[in-house]
Amino acid sequence: MMRTSSSLLRAGLRASSMRTSTTVVPRAFASTHAISNPTLANIEKRWEGMPPTEQAELWMALRDRMKENWADLTLQEKKAAYWIAFGPHGPRAQPPADENRKVALYTALGVLVSLAIFATLRAFAGPAPSTMNREYEEASNEFLRAQKAEPLTGLSSEGYSGKGQVQSPPKH
């Protein structure tokens, strides 16, 4: 069956009437009036001691106020918003007075503990492996030359003057 333009129009109207309509409600500003001066008074000293929820509420109220005309903000609100955004609190706070001493102390303590562990391990370690003697290392050099290992820069290269595998001191 072929649909005509009038039947298509009727089907479209029927489908649109069946849809749920959503009403767009404009967002009402939470705070169109100035925040009270006692709330903002001495915020620099009170901010760190305020509970996080109260800090968030105050910041949201100031943020809502700043969405409007800034000329309508009071001087207290402008100062509080600036201090909350850029003031020396949280990660921008001054470090404690003894922080450098603690860092130096704990670093020295860490180095001493690692030296103690190293000395203990060396004290109870077994003898050096049998391959850690000068004769074995020289034999390794000869083997590498015979195998032509690293022909460009290593032992097998022309004019090589390094020690190769030798790292043990000579026996007296």
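One caution before the details. The model is predicted.

Let's start inside. The largest nonpolar core has 13 residues. Which residues have the most contacts inside it? They are I43, W47, L58, L62 and I84. Now the helices behind this core. Helix α4, residues 52-66, supplies at least two of its residues, and so does α5, residues 75-86. The helix that gives the most is α5, with four residues.

Stay with L58 for a moment. What does L58 touch, once residues up to four places away in sequence are set aside? The list is I35, T39, L40, I43, W47, M50 and I84.

On to charges. How many salt bridges does the structure hold? Eight. I'll take three of them.

First, D64 and R63. These two form a salt bridge, and their closest N and O atoms are 3.8 Å apart. Buried or exposed, what is D64? D64 has a relative accessible area of 6%, so it is buried. The cut-off for buried is under 20%. R63 is at 34% relative accessibility, so R63 counts as partly exposed.

Second, E68 and R65. Their side chains meet in a salt bridge, at 3.8 Å from N to O. Here both partners, E68 and R65, are buried.

Third, K102 and D98. They form a salt bridge too, with the closest N and O atoms 3.8 Å apart. K102 has a relative accessible area of 40%, which means it is partly exposed. D98 is at 28%, so D98 is partly exposed as well. Salt bridges can also share partners, and R63, D64 and K67 are joined that way into one network.

Last, the surface. Which residues form a nonpolar patch there? Y106, L109, V113, I117 and L121. Together they have about 530 Å² of accessible area.

L109 lies in helix α6, which covers residues 99-123. Why does L109 count as partly exposed? Because its relative accessibility is 46%, and partly exposed runs between the 20% limit for buried and the 50% limit for exposed.

Notes:
Residues numbered from 1 in each chain as written. Predicted model: local features only at pLDDT ≥ 70, side-chain atom pairs only at ≥ 80, totals over all residues. Heavy atoms only, no water. Patch = residues over 30% accessible without salt bridge, like charges linked within 9 Å, V, L, I, M, F, W, Y side chains within 5 Å. Areas by Shrake-Rupley, 256 points an atom, 1.4 Å probe, with all protein chains shown as cover. Salt bridge = Lys/Arg side-chain N within 4 Å of Asp/Glu carboxyl O. Buried < 20%, exposed > 50% of the residue type's maximum accessible area, 1.4 Å probe, protein only. Core = buried A, V, L, I, M, F, W, Y, C linked by side-chain atoms within 4.5 Å. Contact = heavy atoms within 4.5 Å.
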